[in-house]
Amino acid sequence: MTIVPNISRRQLLASAATITAAEIAPNLGFEAHVRSEITQQAQALAPASREAQAQNFSAVTSLRLQEIADRNRIRQEAGLPLLSVPKELRRMKVGADAEKFRNFAEAHRKRVYQKMLARVRRQCGDPHWAPTGMLSGGGLWFGGRVDEQLTRLYCRLGV
């Protein structure tokens, strides 16, 4: 039976940064990074094996960490500054969340649009009302309301 530690998001990102830095630090060609305080801390805190690393992270996080480590190795060979692991993890998560919402909105936009159009037509008493134009025809306003409704639906469903 595996006991999963109760770890906060901040601790998780710090651990990820430590693991990634520990994999890269011994191969650095220039002494400034080898002697840095962060690298020494990373070497001291690094887990002994890949199995130990994999137990603390989900499969997606492990893949993201591996991708960051690979990119940092390439950057190291090119003499570029290394990427910040927490920032890269956050960037990847934000991108994945945006893609997930985009797919959800694409799948449900037509239905939400039709329901809202029927509601507005009932409210204004015009069965042929359509959002036309950018400002004066209500097209911009109506599109914004559809997007707002999609966001609420997405949050409520917890997709």
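## Salt bridges at a glance

A search of the whole structure turns up seven salt bridges. A salt bridge here is a side-chain nitrogen of Lys or Arg within 4 Å of a carboxyl oxygen of Asp or Glu. Side chains of opposite charge can pair when their charged atoms come close.

The model is predicted: local features need pLDDT of at least 70, side-chain atom pairs count only at pLDDT 80 or more, and totals for chains, interfaces and linings use all residues. Residues are numbered from 1 along each chain as its sequence is written, and side-chain values use heavy atoms, with hydrogens and water left out.

## Overall fold

The protein chain has seven helices and zero strands. Along the sequence the pattern reads α-α-α-α-α-α-α. Helices (H or I, at least four residues) and strands (E, at least two) are DSSP runs, numbered from the N terminus.

The protein chain has 159 residues, and 25% of them count as buried. Buried means under 20% relative accessible area, exposed means over 50%, and partly exposed lies in between (1.4 Å probe, protein chains only). The chain exposes about 11300 Å², with carbon and sulfur atoms supplying 56% of it. Accessible areas come from the Shrake-Rupley method with a 1.4 Å probe; for residues, only the protein chains shown count as cover.

A contact means heavy atoms within 4.5 Å.

## The nonpolar cores

In soluble globular proteins, nonpolar side chains tend to be buried together. Which residues make up the largest nonpolar core? There are 12: F104, A105, V112, M116, L117, V120, W129, F142, V146, L150, L153 and Y154. Helix 6 (85-124) and helix 7 (139-157) each supply at least two residues of this core. The largest share, six residues, comes from helix 6. A nonpolar core is a set of buried Ala, Val, Leu, Ile, Met, Phe, Trp, Tyr and Cys residues joined through side-chain atoms within 4.5 Å.

Y154 is one of the core residues. Leaving out residues up to four places away in sequence, Y154 touches D97, K100, F101, F104 and V159. A second, separate core has six residues, including L65, V85, L89 and M92.

R109 lies in helix 6. R109 counts as partly exposed, at 34% relative accessibility. Not counting residues up to four places away in sequence, R109 touches V146, D147 and L150. R109 and L150 are 41 residues apart along the chain, yet 7.2 Å separates their C-alpha atoms.

## Pairs of charge

E88 and R71 meet through their side chains in a salt bridge (2.9 Å, N to O). E88 lies in helix 6 and R71 in helix 5 (residues 59-78), so the pair ties together parts that are 17 residues apart in sequence. Is E88 buried or exposed? E88 is buried, with a relative accessible area of 10%. R71 is partly exposed, at 28%. R71, E88 and R91 are linked in a network of salt bridges.

Other pairs sit within one helix. D97 forms a salt bridge with K93, and their closest N and O atoms are 2.9 Å apart. D97 and K93 are four residues apart in helix 6, so about one helical turn separates them. D97 is partly exposed, with a relative accessible area of 37%. K93 is partly exposed too, at 27%. In helix 7, E148 and R152 are four residues apart, about one turn of the helix. Their side chains meet in a salt bridge (2.7 Å, N to O). E148 is partly exposed, at 34% relative accessible area.

## Surface and cysteines

M134, L135 and L140 form a nonpolar patch on the surface, with about 370 Å² of accessible area together. Patches are made of residues with over 30% relative accessible area and no salt bridge: like charges are joined within 9 Å, nonpolar side chains (Val, Leu, Ile, Met, Phe, Trp, Tyr) within 5 Å. L135 is found in the loop between helix 6 and helix 7. L135 is exposed, with a relative accessible area of 73%.

How many disulfides are there? The search of the whole structure finds zero. A disulfide is a pair of cysteine sulfur atoms within 2.5 Å. C124 is partly exposed, with a relative accessible area of 43%. C155 counts as exposed, at 58%.
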